[in-house]
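User: I am new to this structure and would like to learn how to read its features one at a time. Could you take me through them, giving the general idea before the particular case?

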Amino acid sequence: MTEDDEKWMRMAIEVARSKGSDPASSPLGAVIVLDGKVIAAERNQTQDLPDATAHAEMMAIRRACEGTGEMELRGATLYSTLQPCGMCTIASIWSKVGRVVYGAGAADVHPMYFEARHVDTLDFVRKAYRDDLVIEGGCLREECATLYYRPDDDLPADEQANL
């Protein structure tokens with residue numbers, strides 16, 4: 001990871017916290033950078049819209065494509081405070097993002113933030129799709145993990161989104 005990676009991840013953390021920091025609201029933040037410039041910065045908006053596909057990464061990809069007028073984001077880097085889910089990983093593939101950098105990984109947070117069957121989307125990408133998509137995790141891992149419930153937190157079943 002570079003100093004620039006940390007700078008952009010800090011921005012993603014700020015975006016994630018822009019509507020509060022309650023881990024029950026899944027405060028994810030995503031920033032897309034192209035040629036050293038931010039072309040999109042979005043937070044999770046699933047409850048606000050309401051739209052199950054309005055994850056931070058999906059919203060950032062939409063805004064970046066709208067802003068550039070292009071469907072493909074070749075050469076861009078997507079920064080996400082949490083390892084992208086399957087849907088967001090596939091959107092990264094189809095939008096031709098060149099690199100994905102995430103903060104906290106699945107092992108750093110409560111299982112409710114990921115698919116119930118614990119599909120390893122990163123392995124899926126490596127085996128099924130593009131070999132030119134670089135995915136790097138752990139950028140400001142601990143700082144990002146504080147946004148979410150911890151792996152061993154005891155949560156009532158009705159608060160566990162994906163389980």
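Analyst: Let us begin with a single residue, keeping in mind that this is a predicted model. Thr77 lies in strand β3, which covers residues 77-82.

User: Is Thr77 buried or exposed?

Analyst: Thr77 counts as buried because its relative accessibility is 11%, and the cut-off for that word is under 20%.

User: Which residues does Thr77 contact, beyond its neighbours within four places in sequence?

Analyst: With those neighbours left aside, Thr77 is in contact with Val31, Ile32 and Val33, and also with Val97, Arg99 and Val101. A separation in sequence can be set beside a distance in space: Thr77 and Leu34 are 43 residues apart along the sequence, while their C-alpha atoms are 6.5 Å apart.

User: How should I read the protein chain as a whole, and in what order do its elements run?

Analyst: The protein chain has five helices and five strands, and from the N terminus on the order is α-β-β-α-β-α-β-α-β-α. Of its 163 residues, 47% are buried. Among the contacts with a separation of 6 or more, 66% are between residues 24 or more positions apart. The accessible surface comes to about 8300 Å², and carbon and sulfur atoms account for 49% of that surface.

User: How do I describe the way α2 and α3 pack?

Analyst: Two packed helices are described by the angle between their axes together with the distance between those axes. Here helix α2 (residues 56-68) packs with α3 at an angle of about 25°, and the two axes are 9 Å apart. That angle makes α2 roughly parallel to α3, and the crossing of α2 past α3 is left-handed.

User: Which residues of α2 and α3 meet?

Analyst: From α2 come Glu57, Met58 and Ile61, which meet Met87, Cys88, Ala91 and Ser92 of α3. Sorted by class, this contact has five nonpolar residues, one polar and one charged. As background, an α-helix has 3.6 residues a turn, so residues three or four places apart point the same way.

User: Which residues of α3 are buried?

Analyst: In helix α3, which spans residues 86-94, the buried residues are Gly86, Cys88, Thr89, Ala91, Ser92 and Ile93. Cys88, Ala91 and Ser92 were also named among the residues of α3 that meet α2.

User: Where is Ala54, and what does Ala54 touch?

Analyst: Ala54 is placed in the loop between β2 (37-43) and α2, and because its relative accessibility is 0%, Ala54 counts as buried. Not counting residues up to four places away in sequence, Ala54 touches Arg43, Asn44, Gln45, Thr46 and Leu49, as well as Met59 and Arg62. Arg43 is eleven residues from Ala54 along the chain, and their C-alpha atoms are separated by 8.7 Å.

Notes
Residues numbered from 1 in each chain as written. Predicted model: local features only at pLDDT ≥ 70, side-chain atom pairs only at ≥ 80, totals over all residues. Heavy atoms only, no water. Buried < 20%, exposed > 50% of the residue type's maximum accessible area, 1.4 Å probe, protein only. Helix = DSSP H or I, 4+ residues; strand = E, 2+ residues; numbered from the N terminus. Contact = heavy atoms within 4.5 Å. Axes fitted to C-alpha atoms, helices over the stretch in contact; angles between N-to-C directions. Parallel < 35°, antiparallel > 145°, perpendicular 65-115°, else oblique. Left-handed = near helix turned anticlockwise from the far one by under 90°. Nonpolar A, V, L, I, M, F, W, Y, C, P; charged D, E, K, R; others polar. Areas by Shrake-Rupley, 256 points an atom, 1.4 Å probe, with all protein chains shown as cover.
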